[in-house]
Amino acid sequence: QHRQTSVDGERRQRLTDRIAGTAALSDTNQYLRLEVAGHSYLLPSVQRYTIEQRDNLTENLDHASGVAAWRVVRNDRWPAYALDGALRLTRAPAQWQRAVFLEGSPHMVGLIVDDVQLLPRGAVTVTPFTPLGPSPTGEGHLFVNAWVNAGRVTLVFSPPALLGYLRSLGG
């Protein structure tokens, strides 16, 4: 009985988190699909994130800065970056609507996305993938796995490497 109550409480908390826009994916068979500059990527279930609507962010008008927008939280602000199809820093497209902020210390860091979708549990089966060449961050390569589905390859981000990469962009 106690275990069932605990499981029900966890399910209720996950549902509450999703409704609030914040969640910690804890099921190793679940992924968040991110569409960035027309390309789809997966974020594995081990990463805590917050999805923010554009209306909740402050657009950065300083074009010399790499930050596309800021999320102001209490006395802190979190940067959100826009990346192009090659995952290089770019200006945010005019029609962007959301940013996904990844939890990390000292603060969260965001990525402007075209679309975001939580995929059903078990819908994705990944295989190990190691990119050629040196890793772009001290945390390793940006991608650690790939999902091949109907002849299409979708790369799976390494959360620590993605956080490190976004932080290396400044802001």
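Predicted model: local features only at pLDDT ≥ 70, side-chain atom pairs only at ≥ 80, totals over all residues.
Four aromatic pairs were found in the structure. In one of them, the rings of Y41 and F157 are tilted, with 5.0 Å from centre to centre and 35 degrees between the planes. The angle falls between the limits for the other two classes, since planes under 30 degrees apart count as stacked and those over 60 as edge-to-face. Y41 belongs to strand β3 (residues 39–44) and F157 to strand β14 (residues 152–157), so this pair ties together parts of the chain that are 116 residues apart in sequence. Both residues are classed as buried: the relative accessible area is 7% for Y41 and 1% for F157.

A tilted arrangement is also seen for W78 and F101, whose ring centres are 5.7 Å apart and whose planes form an angle of 55 degrees. Here too the pair links distant parts of the chain, with W78 in strand β7 (residues 76–83) and F101 in strand β9 (residues 98–102), 23 residues apart. W78 is buried at 14% relative accessibility, and F101 is buried at 0%. Because the limit for a buried residue is a relative accessible area under 20%, W78 falls within this class at 14%.

Ring pairs also join Y41 and F157 with F143 in a cluster. Another kind of ring interaction involves R77 and W70: the charged end of R77 sits over the W70 ring, at 3.7 Å from the ring centre.

Side chains of opposite charge can pair when their charged atoms come close. Six salt bridges were found in a search of the whole structure. R33 takes part in a salt bridge with E35, with an N to O distance of 3.6 Å. R33 also forms a salt bridge with D115, in which the closest N and O atoms are 3.0 Å apart. R33 is located in strand β2 (residues 31–36) and D115 in strand β11 (residues 115–118), so the bridge between them ties together parts that are 82 residues apart in sequence. In terms of accessibility, R33 is buried at 15%, whereas E35 is partly exposed at 23% and D115 is partly exposed at 29%. Through shared partners, the salt bridges connect R33, E35 and D115 into one network.

A further salt bridge is formed by the side chains of R54 and E59, at 3.2 Å from N to O. E59 is partly exposed, with a relative accessible area of 41%.

The surroundings of V144 were also examined. V144 is part of strand β13, which covers residues 143–149. Its relative accessibility of 36% places V144 in the partly exposed class. When residues up to four places away in sequence are not counted, V144 touches P128, F129, V156, F157 and S158. V144 and A161 are separated by 17 residues in sequence, and their C-alpha atoms are 9.5 Å apart in space.

Notes: Residues numbered from 1 in each chain as written. Heavy atoms only, no water. Phe/Tyr/Trp six-rings, centres within 6.5 Å; stacked < 30°, edge-to-face > 60°. Helix = DSSP H or I, 4+ residues; strand = E, 2+ residues; numbered from the N terminus. Buried < 20%, exposed > 50% of the residue type's maximum accessible area, 1.4 Å probe, protein only. Lys NZ or Arg CZ within 6 Å of the ring centre and 35° of its normal. Salt bridge = Lys/Arg side-chain N within 4 Å of Asp/Glu carboxyl O. Contact = heavy atoms within 4.5 Å.
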